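This report looks at the surroundings of a ligand, at one helix and at one residue. The sequence and the structure follow.

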Amino acid sequence: MTTLFYERALNDKDIGFIFETEFGDDMHDEEWTEHIALLVNFWDSVFLNEKAYNGDPFGPHFTIPNLKMEYFKPWVDLFTETAKELYEPDVAVLFKEKGESYAEEFIERLSQKMKNDTLTFL
Ligand code: HEM
């Protein structure tokens, strides 16, 4: 699921360029392999209560150049579509719900951060 999702994300017309800038366009190289391994651990910790991921999923996004709030919708759509293709509907819906709730929290935190950044310039 994670590998297929990022393969599509990298080729997506709206959000692909962010991943390409960050990790390059070759999904078999080290940077991509590390990112996917990290994300597999992240999703294992979300769904299976595995402790392999203990990072901060939000913080690293705030320093990504050109990450805009409107990119979260295509992210969620792609994530949901991929889950629907791979899993039975009752499992796919869990991915959809988790993806959406994380995306909402990202948007919330990103807008909070933008507000704070604006205030420090006043
Ligand atoms: C527009 C949507 C998104 C884009 C373009 C994006 C892109 C990225 C990039 C470029 C990184 C690497 C950051 C770095 O190491 O400097 C990253 C890390 C990560 N992303 Fe996203 N992301 C998006 C949405 C999400 C969502 C919705 C989730 C969770 C459901 C998520 C989960 C993660 C996690 C867990 C990491 C690893 C953080 C760490 O270093 O521990 N991302 N993302």
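Two residues are in contact if their C-beta atoms, placed from the backbone, lie within 7 Å. The model discussed here is a predicted one.

## Gly 16 and its contacts

Gly 16 has its place in helix α2. Once its neighbours within four places in sequence are left aside, the residues in contact with Gly 16 are Ala 9, Leu 10 and Asn 11.

Because 15 other C-beta atoms lie within 10 Å of it, Gly 16 is partly exposed, a class that falls between exposed, at 12 or fewer such atoms, and buried, at 20 or more. Between the C-alpha atoms of Gly 16 and Leu 39, which stand 23 residues apart along the chain, the separation is 17 Å.

## The shell around the ligand

Around the ligand there are 21 residues, of which Gly 55, Pro 57, Tyr 71, Trp 75 and Tyr 102 come nearest. Sorted by class, the shell holds 16 nonpolar, three polar and two charged residues.

At least two residues of this shell are supplied by each of α2 (16-23), α3 (30-47), α4 (72-86) and α5 (89-121), and the largest share, four residues, comes from α5.

## Helix α4

The 15 residues of α4 should span 21 Å at 1.5 Å a residue, and the end C-alpha atoms of α4 are 21 Å apart, so the two values agree.

Within α4, the residues Phe 79, Thr 82 and Ala 83 are buried. They cover an arc of only 100° around the axis, which means that they lie on the same side of α4. An α-helix has 3.6 residues a turn, so residues three or four places apart point the same way.

Definitions and conventions:
Residues are numbered from 1 along each chain as its sequence is written. This is a predicted model: local features need pLDDT of at least 70, side-chain atom pairs count only at pLDDT 80 or more; totals for chains, interfaces and linings use all residues. A residue is near a molecule or strand if its C-beta atom, placed from the backbone, lies within 6 Å of it. Ala, Val, Leu, Ile, Met, Phe, Trp, Tyr, Cys and Pro count as nonpolar, Asp, Glu, Lys and Arg as charged, and the others, Gly among them, as polar. The expected span of a helix is 1.5 Å times one less than its number of residues. The arc is that of the directions from the helix axis to the C-beta atoms.
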